[in-house]
Amino acid sequence: MSIDNKTVRKVSKLAKIRINEQEEIKLIEELNNILGWVDELKKVDTEKIEPMLSVFNESMVMRKDEVYSEISDDLVLKNAPESKSGFFVVPKVVE
Amino acid sequence: MKDLKNLDISTAKDYLLKKEVSSLELTNFFIERIEESKLNCFITHTFDDAIEKAKESDKKISSNEEIGILEGIPIGMKDLFCTKGIRTTAGSKILENFIPFYESTVSKNLLNDGAIILGKTNMDEFAMGSANTTSFFGNVINPLKSNQENNKNLVPGGSSGGSASSVAANLCMAATGSDTGGSIRQPASFCGLVGLKPSYGRCSRFGMIAFASSLDQAGPITKTVKDAAIMLQSMSSYDEKDSTSSRKPIPRYLDFLNFNLKGKKIGLPTEYKVEGLNSEIVEVWEDTINFFKKNGAEIINISLPHTSFALPTYYIIAPAEASANLARYDGVKYGFREKSDDLQDMYECTRAKGFGDEVKRRLMIGTYVLSAGYYDAYYLKALKVRQLISNDFKSAFEKCDLILTPTTPNVAFPIGEKQKDPIEMYLNDVLTVPASLAGLPAISVTGGKNKNNLPIGMQVIGRPFEEISVLAAGKLIEDCRGF
Amino acid sequence: MSYLIDGKTGKWELVMGLEVHAQIKSNSKLFSTASTYWGAKPNSQVELVDSGMPGALPVINEYCVDQAIKTGLSLNAKINKKSIFDRKNYFYPDLPQGYQISQFEHPIVGSGFLVIETENGQKSIGITRIHLEQDAGKSIHDQDDKSSFIDLNRSGCALMEIVSEPDLNSPEEAAQYVKKLRAILKCIGSCDGNMERGNLRADVNVSVRKPGEKLGTRCEIKNVNSIKFIQQAIEYESKRQVELIENGENVNQETRLFDPNSGETRSMRGKEESHDYRYFPDPDLPPLMINDDRIEKIKNQLPELPDEKKKRFKEEYKLKDYDAEILVEDQFVSSFFEELVEKRDSKIVVSWVTVELFSYLKKKDIQLQDSEIKSKKIGDLLDLIIDGSISNRQAKEIFEEYIETDLEASDFIKKKGIKQVSDKSEIEALIKSVLQKNVEMVDDYKRGKEKLFGFFVGQVMKESKGKANPQLVNQVLKDLLSK
């Protein structure tokens, strides 16, 4: 599987990272190198192997349904690049 | 006046309790050193807070109040741990001005135990790097220099480069690190220190900015193995805020001092004699093997057959998780935003300008391997190989108690090297990544030096949650190496 | 198949599946301790996970898990003992983590079914699955020309996505399905079912085909939030698809929005540009394991479900199908009814609940459970009717005022001066005076003009100013006229 400029553009759209033409050329090369390198894995027979989701093998502890807050309201917005009347503000979304 | 420069934590605690030195003196001593330092170890200083805390510690000590196990000890905090009211950047422009209003569990534990935080240490951006050259706040310089090329600045390793360098340069007594594929062990090795990556789940990940959640684990970087045990004692806890936090009981880590390695089986994985492994490193490895033999341990050869696949596996899994973990940096809730009237434009430009090249490269890879049509071939495949790698260790640990390997294939290299080809940089982690994938505890302790007087780290890997035996083996290396 | 669309080229069949998003009625969110209270000021119920803060970690709410299990059991579905949370990746301003924690391959509930009433009798609708997921926040687009505003109070609330098989074939069936589902959810208490507040909303997958042919391309109409709108949206969308196909065009598989003002659906822009969610298992959450004990315990606590209750009501209280159906739609209403009917004739109770009480609630635009009305309040009034103190008609006249007063029923009618004359001699006197005034008509009646009976009753009631007990009037009048 090799990456072409169409794929790089698609992936950059998905990752929401703008790339210029120069970066695109560089990325095509780098990503192809990296993916070529990870293609090593194809040599491994994984036919009967279950995917390993985590090394953590204890059961998940569940929380009681209790409301608890350490955060006062204004803190949530404290680091916001733009906010107004208690809302986060973003450039208008077109649906 | 005591020599404060080369103090370890246990000695410093002794001085503090005997009131031979005050925490304020100690803190001011390090503050001065940090101010004079040109190694770029810190992104943010927290001197005022530190001085206040030191005074409080002194008060507690002088009034014989109950004190914490790190009372009055000045440390560095990797800038990956969110610290309440103190800027936390993860080494990235995208969080350049982010001030958390919450405290990570690890930093909270340390503060509760009396530790004094001098500042936030520099690191590779979002912990993605092995040389601390990807930080938005500039690279960190290793205080150690080669005998041969004395003029060249060396990398401290990464991603916890600021932490390692600051401890090595005596800018603080110890520091926190985080290890995803070697980010504690490799810089500890490059800077001649002790770096301990505990078992996955031992230290809470709450408030630690995520890189790859299934691998990230906090741990200490210290001057001595004993200090590592003290730091780990404070950093570990079961945390109900982290669903992957272990409920296994936490031992008294200093008990490692009574752990006898006599008769224990030390495994040497044949596959770790990797291509490009420096011959001086092989020599130190052999010396270390002899230390163990002399002390009554049994040396056996073991096989970890899937070792060579660990690095490619890691470079699929870690970027894939990162691609989701770093999606939150979108210019909406906090951090850097590139202004635009168009939402998509805002997203794309914010992330293009806010992230550095290495982060972007990994986000692209991670996005690609999860995308429709490639998931099975890459991501799912990697999860299966991860299982095989983990199984390798399981079988190995049926035959041996600990595994001894070098930490890195090379010693610290000059800044600017290995920058052309990302893969060349990735290869730095070839010996540390397998234990990360298997979630095992592993320590790096300096086993010797090369002819240029640069440290060579030895790695000991243990069974899950057997940090005590890992520490004991580390201590043996420390005791035997003769410097 | 009774519902068919008339096209130019013949009849078309409608095939639909619904994805219903039901917000779980819990105090706190699925993965955070923030309150789910509806109507709080913006961004005031937002914990770290809900705003995607760096280092935030999800911890699952046990109650929400139990609600999903309960819902599964009520829909005759299989509970999966191991389920997995995945990250669904996409960028949107009200999705603060940059991904939604959802379940993809391994949902908590597997296949089941529910039964709806159609004009052709009962029909079983297959349930494909139910999974747990986080809700998104709210975006407000209409406040400003250039900006959208984001409120994260809803972000992270627990949703069950209940996915049906494509077993629905008419707008009416879709409506019945949602009504039945809502009744079940409300009965077991897992969801409020309040569509106006958006805590129950549906995505409708619509496709059309010529009867017997293979399935057509489907369009998904997102977030329809009333049963009426669901029906309208389906009617519009199916006709649109038929027209497209008949005009030789293709139906594009896409997401559409329903506009309640125009009654039309339109294609969504923006969100659709890249439809690759890159699901992968969330490394922050271990698998959700559910043991038999938990399932058994929940099963034992299940209340009587609407279908069972309806059957019982019909048998026990001899109710008509329609009355039974509307009484069991709401758990609160059915209990209210049962309290009333315990000591009273079901006929009078059912008519008072479904007619008088319901129209009062409708007028006040309030749910019974949110009103302050107690069953005793209604019961006391009914008792006065039953014992003849007041007439049914009198009771109806004063009903609204009575509901809103704090007075006891008997005190209230006393105060209002309403009393039914049930004294036989008094009524006899009244009747005699009426009959004396209308001698000719009495003769006509006796000659066979029996219709006049009603006239006499009317006159008596008028004479008594409506206070005479109608039953008694009837009875005495009959006696006197037959003499």
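Q: In which order do the three strands of the open sheet in chain C stand?
A: Residues are numbered from 1 along each chain as its sequence is written, while chains are lettered from A and ligands numbered from 1 in the order in which they are written. The model is predicted, and local features need pLDDT of at least 70, side-chain atom pairs count only at pLDDT 80 or more, and totals for chains, interfaces and linings use all residues. Strands (E, at least two residues) and helices (H or I, at least four residues) are DSSP runs numbered from the N terminus, and two strands pair if DSSP finds at least two bridges between them. In this sheet of chain C the pairing is antiparallel, and the order is 5-4-15.

Q: Why are helix 1 and helix 2 of chain C described as oblique to each other?
A: Axes are lines fitted to C-alpha atoms, for helices over the stretch in contact, and angles run from 0 to 180 degrees between N-to-C directions. Angles under 35 degrees count as roughly parallel, over 145 as roughly antiparallel, 65 to 115 as roughly perpendicular and the rest as oblique. Helix 1 (residues 62-74) and helix 2 (residues 171-188) of chain C have axes 10 Å apart and pack at an angle of about 130°. The relation of these two helices of chain C is therefore oblique.

Q: Which residues of helix 2 of chain C make the contact with helix 1 of chain C?
A: Two residues are in contact if their C-beta atoms, placed from the backbone, lie within 7 Å. Helix 1 of chain C contributes K70(C), T71(C) and S74(C) to this contact, and helix 2 of chain C contributes I184(C), L185(C) and I188(C).

Q: Is D192(C) buried, exposed or partly exposed?
A: D192(C) lies in the loop between helix 2 and strand 11 (200-209) of chain C. A residue is buried if 20 or more other C-beta atoms lie within 10 Å of its own, exposed if 12 or fewer, and partly exposed in between, with C-beta atoms placed from the backbone. Because D192(C) has 19 other C-beta atoms within 10 Å, D192(C) is partly exposed.

Q: How far apart in space are D192(C) and K25(C), C-alpha to C-alpha?
A: Not counting residues up to four places away in sequence, D192(C) touches K25(C) and N199(C). In sequence, D192(C) and K25(C) are 167 residues apart, whereas in space their C-alpha separation is 6.2 Å.

Q: Which are the edge strands of the sheet of eleven strands in chain B?
A: This open sheet of chain B has mixed pairing and the order 1-3-2-4-6-5-10-11-9-7-8. Each edge strand pairs on one side only, and the two are strand 1 (42-45) and strand 8 (298-302) of chain B.

Q: How many residues lie between strand 10 and strand 11 of chain B in their hairpin?
A: Strand 10 and strand 11 of chain B pair in the antiparallel sense over seven bridges, and T446(B) stands opposite G457(B) in strand 11 of chain B. In the turn of the hairpin, N453(B) has a positive phi of about 70°, and the number of residues between the two strands is five.

Q: How many residues of strand 10 of chain B are buried?
A: Strand 5 (residues 194-197) of chain B pairs with strand 10 (residues 442-449) of chain B in the antiparallel sense over three bridges. K197(B) stands opposite A442(B) in strand 10 of chain B. Strand 10 of chain B is mostly covered, and of its eight residues the number buried is seven.

Q: Which helix of chain B gives the most residues to the side that touches chain C?
A: In this contact, 33 residues of chain B meet 26 residues of chain C. Helix 9 (310-325) and helix 11 (357-370) of chain B are the elements that give two or more residues to this side of chain B. With three residues, the element that gives the most is helix 9 of chain B.

Q: Which helix of chain B gives the largest share of the side that touches chain A?
A: The contact takes 58 residues from chain B and 41 residues from chain A. With twelve residues, the largest share of this side of chain B comes from helix 12 of chain B.
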